Amino acid sequence: MATISNLANLTGATCIDTKSSSSAPLLPRSFVNFRGFNAKLSSSQLSLRHIQQSRSSLFVRCSVSGGNGSTGKRTPLHDLYEKEGQSPWYDNLCRPVTDLLPLIARGVRGVTSNPAIFQKAISTSNAYNDQFRTLVESGKDIESAYWELVVKDIQDACKLFEQIYDETDGADGYVSVEVSPRLADDTEGTVEAAKFLHKVVNRRNVYIKIPATAPCIPSIRDVIASGISVNVTLIFSIARYEAVIDAYLDGLEASGLDDLSRVTSVASFFVSRVDTLMDKMLEQIGTPEALDLRGKAAVAQAALAYKLYQKKFSGPRWEALVKKGAKKQRLLWASTSVKNQAYSDTLYVAPLIGPDTVSTMPDQALEAFADHGIVKRTIDANVSEAEGIYSALEKLGIDWNKVGEQLEEEGVDSFKKSFESLLGTLQDKANTLKLPSH
C-alpha cells in the first residue's frame, strides 16, 4: 500500500514504484504507477526573456495550428492588475507551452487547467505523440502515461511564470493542476494524491486543485496544513465557499509553521454555469418577474461571495495569522466564458473586478476583455442590488444551496467523463501507433 512514508522517500521529481496490496490503496492507481520522472527542463526557450522575440499568436488554440492575435502591446489585462489589483489568468494549457509567452507579454499572470482542458489538448494534437510513445514502450500503462504528459506540461508552464512568482514574492504566477476527478468523494485519497502530485511536479509556483465537494473540504484543510498551496475548485454556492475559507484558515492554524508566507490558496468560484442553470429555472417559472432576473444570478452571487471574503479575512483570527506571514485566499472567478450569446461577451469579467482577486479566462473571454474590456472596480459597486437579486430569487422558490449542489454534481461528472474519454483516446492512440497495451 502506498503511504506517506513511501512518498517521503521521493527526491526532486523522481518517483519510486509502489506496489498496491489486495486492500484498497490510499493513492489512486493514477499515482501509484508513476516512475522515473525527469523534472529538468532542457530547452532554453522556457524563459521570459524570449517573450518579445516570440511571433506566436496571442491566443492558444490547441486543436488548430496558427491562430490569431498580435503580440507586444499593452492591453486592459495589464491595467486589471496594475490599477485594480486583479490578476488575469488563462484557463487553458497545451503544447507547445511556449505559445503562452505572447499571452504573458500581454498581461496574463497565471494558468489554470482541468481534466476537460487536457482532454482537448491531448486528443486533438500530435504534440504529445513522441513522449507518449516513449512512455508506453517503456512499460507505462495508459493512465500513468497520461499523468506524465500532464506533469511535463505543468512543469514547463511553471517555468514560464517563475519570474512573475518571484517578482510578487509568491503572490502570483501560479499554474494549477487538478487531482484525479475520480477522487471527488474520497477524503484521504485526495490528500494522498495532492501530496504526491505536489512532490512529482516539484515546482514552487504550482497549485494543486482540489474540488470543493463535502468529502474534500477536510482534504483541503489537511493539504494546506502540510504546507502545500491549493486551488480549491468547483465552488458554486456561498455556503460551500464559507466552508472552503474555514478549511483554509483551519489548515494554516494546524500547520505549525512559523512562516506561512509560502502557503497560499485561491478559491475558484464558478460563475457562468450558475446563470445557465438559473435561466432554465426562471424560464420554467415563466412570470415577468422571473424572466427579468435572467442573466443576473451569477454576478449577484459572486458579489456576495466577495462580501463574505472581506468579512472572513479580517478580525482577530485573521490578524493572528497575518503576523505569521499568512496571505489571503484570493477569490478566483472561474467559468467566465459566456454561454448565452445574447449576453455581453465580458459579462462574467467586467462586473467582477476588484482587488486581491483572480479572473481566469478561456480564449473567448480573454480575447473579448483584452480587446474592449473596461477596467474599473465593479465587484462591490452594487452590493445592495446583488442582495436584492439574491433575495428575489429565493422568494421565487429557488434554493441556492440546492442549485450549488446540482452544479457541483454536474461539474464533477463532467470532469470524470473528460478524464475517462481521454484515457480511451490515449488507448486508441496507442493502438494507432501500434504500441503495446499495459
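This is a predicted model: local features need pLDDT of at least 70, side-chain atom pairs count only at pLDDT 80 or more; totals for chains, interfaces and linings use all residues.
1. Helix α9 and its cover. After the helix comes Gly227, with a positive phi near 90 degrees.

2. Leu234, a backbone spot to look at. Most residues other than glycine have a negative phi. Is Leu234 buried or exposed? Leu234 counts as buried because its relative accessibility is 1%, and the cut-off for buried is under 20%.

3. Glu408, an acidic residue under cover. Glu408 belongs to helix α17, which runs over residues 400–432. With a relative accessible area of 16%, Glu408 falls under the 20% cut-off and is therefore buried. Which residues does Glu408 touch, once neighbours within four places in sequence are set aside? They are Ala212, Thr213, Ala214, Leu234, Phe236 and Arg240. So Leu234, buried at 1%, turns up again here as a contact of Glu408.

4. Asp169, another positive phi. The phi of Asp169 is near 55 degrees, again positive in a residue other than glycine. Asp169 is in the loop that connects α7 (142–167) to β2 (175–178). Here the relative accessible area is 44%, so Asp169 is partly exposed, the class between 20% and 50%. Leu234, by contrast, is buried.

5. A cis peptide. The bond joining Arg95 and Pro96 is cis, with omega about -5 degrees. Most peptide bonds are trans. Where is Pro96 placed? Pro96 is in the loop between β1 (86–90) and α4 (101–105).

6. Aromatic pairs. The count of aromatic pairs comes to 14. One of them is Tyr146 with Trp147, edge-to-face, at 5.0 Å centre to centre and 70 degrees between the planes. Tyr146 and Trp147 are both buried. Another edge-to-face pair is Phe269 with Trp333, at 6.2 Å centre to centre and with 75 degrees between the planes. This second pair links distant parts of the chain: Phe269 is in strand β5 (residues 265–270) and Trp333 in strand β6 (residues 330–334), 64 residues apart. Phe269 and Trp333 are buried as well.

7. More on rings. Tyr248, Tyr306, Tyr309, Phe313 and Trp318 are joined into a cluster by ring pairs. Elsewhere, a charged side chain meets a ring: Arg109 lies over the face of Tyr81, 3.5 Å from the ring centre.

8. The chain as a whole. How many helices and strands does the protein chain have? There are 17 helices and seven strands. Of the 438 residues, 58% are buried. Taking contacts with a separation of 6 or more, 77% are between residues 24 or more positions apart; the Phe269 and Trp333 pair, 64 residues apart, is one local example of distant parts being linked. The protein chain exposes about 17,500 Å², and carbon and sulfur atoms supply 48% of that area.

Notes
Residues are numbered from 1 along each chain as its sequence is written. Side-chain values use heavy atoms; hydrogens and water are left out. Rings of Phe, Tyr and Trp (its six-membered ring) pair if their centres lie within 6.5 Å; planes under 30 degrees apart count as stacked, over 60 as edge-to-face and the rest as tilted. Buried means under 20% relative accessible area, exposed over 50%, partly exposed in between (1.4 Å probe, protein chains only). Helices (H or I, at least four residues) and strands (E, at least two) are DSSP runs, numbered from the N terminus. A charge sits over a ring if NZ of Lys or CZ of Arg is within 6 Å of the ring centre and within 35 degrees of the ring normal. Contact means heavy atoms within 4.5 Å. Accessible areas come from the Shrake-Rupley method with a 1.4 Å probe; for residues, only the protein chains shown count as cover.
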